[in-house]
Amino acid sequence: MTGHEKAQGPKHKQDLTRRKVLAAGAGAVVAAGVGGTFAAGAFAGEETPAAGAKASGASGETCYKLTSETTEGPYYIDADKLRRDVTEDQDGIPLTLRLKVIDADTCKPLADAAVDIWHCNALGVYSGYEAMGSGGGGGGGGGTPPSGAPTGSPTGAPTGSPPAGGGGHEEPTDDERYLRGTWRTDKKGEVAFRTVFPGWYQGRCVHIHTKVHVNGTWTDAGYEGGTTCHTGQLFFDEASVLAAAEVEPYSTNTTARTTLDEDTIYPGNGTEGGLLKLKYKKGAIAKGVVATLTLGVDPETTQDGTGAG
């Protein structure tokens with residue numbers, strides 16, 4: 001685990017009562033700049049039931065168990081783009097992400113919630129933080145390693161507080177915003193995004209960050225006010241990641257990959273911990289993946305993820 005996603009140091013202060021989504025133009029939808037095509041109906045409007053949504057809750061498990069809260073990480077940018085298609089010009093395997101948000105206590109869908117997603121590209125780089133390389137502070141694998149034996153061995157016991165280590169929020173270093181977006185849940189609590197299968201960077205398994213905001217107001221400008229009732233991460237099973245790793249540009253990512261079992265953020269508890277249900281054609285993952293999950297949240301709590309481990 002790298003320092004940039006350890007337990008947070010200095011907290012990133014957000015004024016949730018004044019948060020605002022800036023629309024990327026009226027009804028803006030950016031054309032996907034990826035190879036391959038989506039199957040017909042793979043990205044239908046939110047009024048279409050989310051593929052696999054019933055399977056996610058078939059046992060009733062997602063109805064009464066809260067989806068695990070995890071760290072926000074340092075690379076959240078507050079609802080910068082109001083859109084469902086977050087691909088922009090990023091290469092990668094087409095991914096349709098369908099989420100359903102329910103009240104974990106009543107099992108009722110949460111309509112009009114604002115759902116954020118953000119993740120790195122196929123080579124492990126986050127938009128807004130390109131200067132930090134693969135995974136921001138996670139290291140890009142470049143540079144020349146030091147030579148010779150270390151000198152000046154430390155003596156005595158360490159004193160003072162440990163360094164922050166980059167665990168807190170980082171301010172953006174550029175204006176790029178690919179693979180980030182916010183959209184509104186429909187009356188069934190469902191929302192769908194078009195993106196690409198994420199890559200990986202040092203110290204972390206493949207994942208997507210997400211937040212759910214409730215009790216705000218949708219205006220012509222976007223979404224204002226409210227609270228964050230869920231901050232989590234969505235995870236991918238090893239079989240799908242291994243299949244994706246054979247496809248360009250993922251196959252050119254030379255960063256050592258952390259597996260799902262090795263990851264220190266994934267709670268290890270299946271769908272409750274954010275493990276996505278994936279559907280793709282065996283042997284042809286490059287043609288596209290549909291990922292689904294039901295998120296059980298408590299709309300009465302605030303879970304901004306800045307204090308999670």
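Let's start with one term: a residue is called buried when its relative accessible area is under 20%, exposed when that value is over 50%, and partly exposed in between. Take Arg-184 as our opening case: its relative accessible area is 36%, so we call Arg-184 partly exposed. Please keep in mind throughout that we are looking at a predicted model.

Now, what does Arg-184 do with its side chain? The side chain of Arg-184 meets that of Asp-112 in a salt bridge, at 2.8 Å from N to O. The two partners come from distant parts of the chain, 72 residues apart: Arg-184 belongs to strand S3, residues 180-184, while Asp-112 is in the loop between S1 and strand S2 (114-118). Asp-112 is also partly exposed, because its relative accessible area is 38%. And have a look at the backbone of Asp-112, please: phi is positive there, about 65°, although Asp-112 is not a glycine. Why point that out? Because most residues other than glycine have a negative phi.

There is a second residue of this kind, Leu-179, with a positive phi of about 60° although it is not a glycine. Leu-179 sits in the loop between S2 and S3. Its relative accessibility is 0%, so Leu-179 counts as buried.

Back to charges. How many salt bridges does a search of the whole structure find? The search finds 7. Let me show you another one of them, between the side chains of Asp-85 and Arg-194, at 3.9 Å from N to O. Asp-85 lies in the loop between helix H2 (61-64) and strand S1 (94-103), and Arg-194 in strand S4 (residues 190-196), so this pair ties together parts that are 109 residues apart in sequence. Here both Asp-85 and Arg-194 are buried.

One further salt bridge joins Arg-257 and Glu-238, with the closest N and O atoms 3.1 Å apart. Since Glu-238 is in helix H3 and Arg-257 is in the loop between helix H3 (238-244) and strand S7 (277-279), the pair ties together parts 19 residues apart in sequence. Arg-257 counts as partly exposed at 23% relative accessibility, and Glu-238 is partly exposed too, at 25%. That loop between H3 and S7 also holds Pro-249, which is joined to Glu-248 by a cis peptide bond with omega of about 0°. As a rule, most peptide bonds are trans.

Arg-83 is in the loop between H2 and S1. Buried or exposed, would you say, for Arg-83 at 2% relative accessibility? Arg-83 counts as buried, because 2% is under the 20% limit. Its side chain reaches the backbone oxygen of Arg-180 at 2.9 Å.

Gln-233 is buried, with a relative accessible area of 2%, and its side chain reaches the backbone oxygen of Thr-71 at 3.2 Å.

Let's finish on the surface. Asp-89, Asp-91, Glu-130, Asp-175 and Glu-176 form a negative surface patch. Among them, Asp-175 is found in the loop between S2 and S3. With a relative accessible area of 75%, over the 50% limit, Asp-175 is exposed.

Key. Residues are numbered from 1 along each chain as its sequence is written. This is a predicted model: local features need pLDDT of at least 70, side-chain atom pairs count only at pLDDT 80 or more; totals for chains, interfaces and linings use all residues. Side-chain values use heavy atoms; hydrogens and water are left out. Buried means under 20% relative accessible area, exposed over 50%, partly exposed in between (1.4 Å probe, protein chains only). A polar contact is a pair of N or O atoms within 3.5 Å; within protein, one must be able to donate a hydrogen and the other to accept it, and residues adjacent in sequence count only if both atoms are side-chain atoms. A salt bridge is a side-chain nitrogen of Lys or Arg within 4 Å of a carboxyl oxygen of Asp or Glu. Helices (H or I, at least four residues) and strands (E, at least two) are DSSP runs, numbered from the N terminus. Patches are made of residues with over 30% relative accessible area and no salt bridge: like charges are joined within 9 Å, nonpolar side chains (Val, Leu, Ile, Met, Phe, Trp, Tyr) within 5 Å. Accessible areas come from the Shrake-Rupley method with a 1.4 Å probe; for residues, only the protein chains shown count as cover. Lys and Arg count as positive and Asp and Glu as negative; His and the chain ends are not counted. The place of a charge is taken as NZ of Lys, CZ of Arg, CG of Asp or CD of Glu.
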